[in-house]
Amino acid sequence: MRKLRPRKGSNLSKITKVVDLRLKLQSYEFKSSILSLTESRGDSFYFFNFLYLFPCRYIRYMGPENQTSMSEFFLLGLSEKPEQQLPLFGLFLSMYMVTVVGNLLIMLAIGSDSHLHTPMYFFLSNLSLVDICLVTTLVPKMLVNLQTHTKVISYAGCFTQMYFFIIFACLDNLLLSVMAYDRFVAICHPLHYVTIMNPRICGLMVLMAWTISLLNSIPQILMVMQLSFCKEREVSHFFCDLGEVMKLSCSNTHINDIVVYVVTCLLGVLPFTGILFSYSQICSSILKIPSSKGKYKAFSTCGSHLSVVSLFYGTGLGVYLSSSATHSSRKISVASVMYSVVTPMLNPFIYSLRNKDIKESLRKFIDKTAASQ
């Protein structure tokens with residue numbers, strides 16, 4: 001039986017041409033968008049084969065919002081005014097350099113002086129390492145964005161930054177609680193200090209802190225990666241903060257919110273409670289010392305740590321209260337700078353200015369380095 005074909009110039013022929021033209025246009029747009037999306041991820045070869053093994057007319061067309069939402073986010077930063085970009089770049093570059101150099105000097109001074117190979121300084125060197133990693137996770141990307149006048153961060157880059165930030169922030173918290181326990185044992189149980197805080201136990205405490213931080217970060221990131229991000233892609237922060245990214249999701253984040261609250265209670269409130277308990281016992285023991293000189297000597301061993309704890313938790317509490325009291329993302333971002341950038345920068349100054357052993361070790365290290373040159 002002969003096939004019926006639409007006559008040339010008929011309405012049916014015109015409609016057929018329009019439909020074919022639209023299908024070809026959608027096929028071309030889909031191929032172009034997929035290729036541009038995958039070229040940046042290094043797997044364009046596989047998608048190229050996929051597109052030509054399975055013709056695009058059998059693939060449903062996806063809107064451009066859904067494709068670009070999974071490729072990048074926009075970090076709004078601290079300011080959008082062009083005249084403030086250069087001063088902010090200079091400020092954060094100097095803060096980053098001071099943080100890295102200061103904490104690195106603390107680590108080198110402790111490592112080069114055998115008199116400082118004690119539990120307290122072992123934990124301090126680990127804290128300095130974590131502080132360097134924390135600011136390196138956040139500040140370099142911010143500096144690049146300020147220098148290039150861009151706000152873009154890739155999808156993979158955003159979740160990588162979020163992953164490492166959760167790890168190092170949790171490590172800071174756990175190490176401060178371990179250091180408080182160390183001071184508690186040293187002041188309240190001095191006769192058993194060497195037995196309790198032996199190198200094996202100290203190494204195990206640090207290993208447990210790293211393990212807990214890793215196990216805390218992985219499920220949270222995996223849960224956030226299951227969320228859908230449709231249209232809004234502007235992160236109201238200078239880095240990819242977990243809470244701010246979750247606000248951009250068009251999925252139900254109820255389970256994620258519950259997990260965040262539970263983790264905050266377990267890994268935030270409990271260590272802080274342990275620190276408060278340790279210092280309550282320390283204060284009670286110091287008050288029992290009869291001489292004022294003995295009280296000053298006992299308190300001086302934990303004064304630096306108490307200052308760092310007050311700065312860390314004080315700024316963290318300030319961020320929480322500011323986010324609850326105001327809806328201004330700029331104010332919240334400025335408050336976040338205090339605990340994520342300023343606190344790691346001030347830690348070396350607090351320990352070096354208030355600790356005679358650290359100052360003496362730093363002086364010896366600098367003299368030795370200058371003499372070798």
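User: In the protein chain, what share of the contacts with a separation of 6 or more is accounted for by residues 24 or more positions apart?

Analyst: The structure is a predicted model, in which local features need pLDDT of at least 70 and side-chain atom pairs count only at pLDDT 80 or more, while totals for chains, interfaces and linings use all residues. Residues are numbered from 1 along each chain as its sequence is written, and side-chain values use heavy atoms, with hydrogens and water left out. Contact here means heavy atoms within 4.5 Å, and among the contacts in the protein chain with a separation of 6 or more, the share from residues 24 or more positions apart is 76%.

User: How many helices and how many strands does the protein chain have?

Analyst: Both kinds of element are DSSP runs numbered from the N terminus, helices being H or I over at least four residues and strands being E over at least two. Counted in that way, the protein chain has 13 helices and three strands.

User: Which residues does Phe92 contact, leaving aside its neighbours within four places in sequence?

Analyst: Phe92 is one of the residues that touch the most other members of the largest nonpolar core. With its neighbours within four places in sequence left out, the contacts of Phe92 are Leu78, Val139, Met142, Leu143, Val337 and Val341.

User: Is Thr99 buried or exposed?

Analyst: Thr99 belongs to helix α4, and, not counting residues up to four places away in sequence, Thr99 touches Ile132, Val135, Val341, Pro344 and Met345. Because its relative accessibility is 0%, Thr99 counts as buried.

User: How far from Ser217 is Ile167 in space, C-alpha to C-alpha?

Analyst: Ser217 is found in helix α8 and, at 0% relative accessibility, counts as buried. Its contacts, once neighbours within four places in sequence are set aside, are Tyr163, Ile166 and Ile167. Although Ser217 and Ile167 are 50 residues apart in sequence, the distance between their C-alpha atoms is 5.9 Å.

User: Which helix gives the largest share of the lining of the second largest pocket?

Analyst: On a 1 Å grid over the protein atoms alone, a pocket is an open set of points where a 1.4 Å probe fits, with protein on both sides within 12 Å along at least five of seven lines, and lining residues have an atom within 4 Å of a point. Grid points are joined across faces, edges and corners, a volume being the space filled by probe spheres set on the points, and the second largest pocket has a volume of about 500 Å³. Of its 19 lining residues, Ser300, Thr301, Arg354, Asn355 and Lys356 are the closest to its centre. At least two lining residues come from each of α5 (119-148), α6 (155-188), α11 (292-325), α12 (329-353) and α13 (356-372), and the largest share, seven residues, comes from α11.

User: Where does His149 lie?

Analyst: His149 has a positive phi of about 55° although it is not a glycine. With a relative accessible area of 61%, His149 is exposed. Its place in the chain is the loop between α5 and β2 (152-154).

Key. Buried < 20%, exposed > 50% of the residue type's maximum accessible area, 1.4 Å probe, protein only. Core = buried A, V, L, I, M, F, W, Y, C linked by side-chain atoms within 4.5 Å.
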